[in-house]
Amino acid sequence: GNMQVINPIKQVTAEELEAEMQVSLVGVPEEAVDVTYTTIETGEEKIAQLKFTLDGAGVFVRSQRVDSPEILDFSGLYYEWSEILEAQVGACEAKVFVKEQVGYIAWTNLETGIAYNLGMAEGADADTLIKLANEVFG
């Protein structure tokens, strides 16, 4: 048997990530620092991930291709959410999950068949998440 462990996380360029996520990342805020682009492959699934730091808080966006319109959680954040809100990202229905300073916003673009999670492990509130998602992707 081949016991080689393959690191599922791979650094890619912005262009490769744009192709994978089927989006333009022009909306990444100009003041964002430590911008990294990676793909994460887990078995059948491939997740494209954009990370950056904005005003000292880390932000990540994960996306993956999906077959159904449900809003998915692949944020890697496991909390008992204190708030769950409905929102919009561009023309897409979105849901926002927040607990104190942690949260994420999830939506699926039905035209491209791509689901997104944009999250923050600190400095999150519903307004910030909705605003960021719409700036980057709306």
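Start by selecting Thr 39, and show the residues around it. Leaving out residues up to four places away in sequence, Thr 39 touches Pro 8, Ile 9, Lys 10, Val 12, Leu 17, Glu 20, Lys 46, Ile 47 and Ala 48; contact here means heavy atoms within 4.5 Å. Thr 39 is part of strand 2 (residues 33–42). Helices (H or I, at least four residues) and strands (E, at least two) are DSSP runs, numbered from the N terminus. Is Thr 39 buried or exposed? Thr 39 is buried, at 4% relative accessible area. Buried means under 20% relative accessible area, exposed over 50%, and partly exposed in between, with a 1.4 Å probe and protein chains only.

A note before the next stop: this is a predicted model, in which local features need pLDDT of at least 70 and side-chain atom pairs count only at pLDDT 80 or more, while totals for chains, interfaces and linings use all residues. Residues are numbered from 1 along each chain as its sequence is written, and side-chain values use heavy atoms, with hydrogens and water left out.

Next, select Phe 52, Ile 105, Trp 107, Leu 118 and Leu 129. These residues have the most contacts inside the largest nonpolar core, which has 32 residues. A nonpolar core is a set of buried Ala, Val, Leu, Ile, Met, Phe, Trp, Tyr and Cys residues joined through side-chain atoms within 4.5 Å. Among the elements that each supply at least two residues of this core are helix 1 (14–21), strand 7 (102–109) and helix 2 (126–137). Helix 2 gives the most, with six residues. Now color Phe 60, Trp 81, Phe 97 and Ala 106, which are included in a second, separate core of seven residues.

Go back to Ile 105 and show its contacts. Beyond its neighbours within four places in sequence, Ile 105 is in contact with residues including Val 89, Val 96, Leu 118, Leu 129 and Ala 133.

Finish on helix 2. Which residues of helix 2 are buried? They are Ala 126, Leu 129, Leu 132, Ala 133, Val 136 and Phe 137. These residues cover an arc of only 140° around the axis, so they lie on the same side of helix 2; the arc is that of the directions from the helix axis to the C-beta atoms. Turn to the other side of helix 2, where Asp 127 and Lys 131 are exposed.
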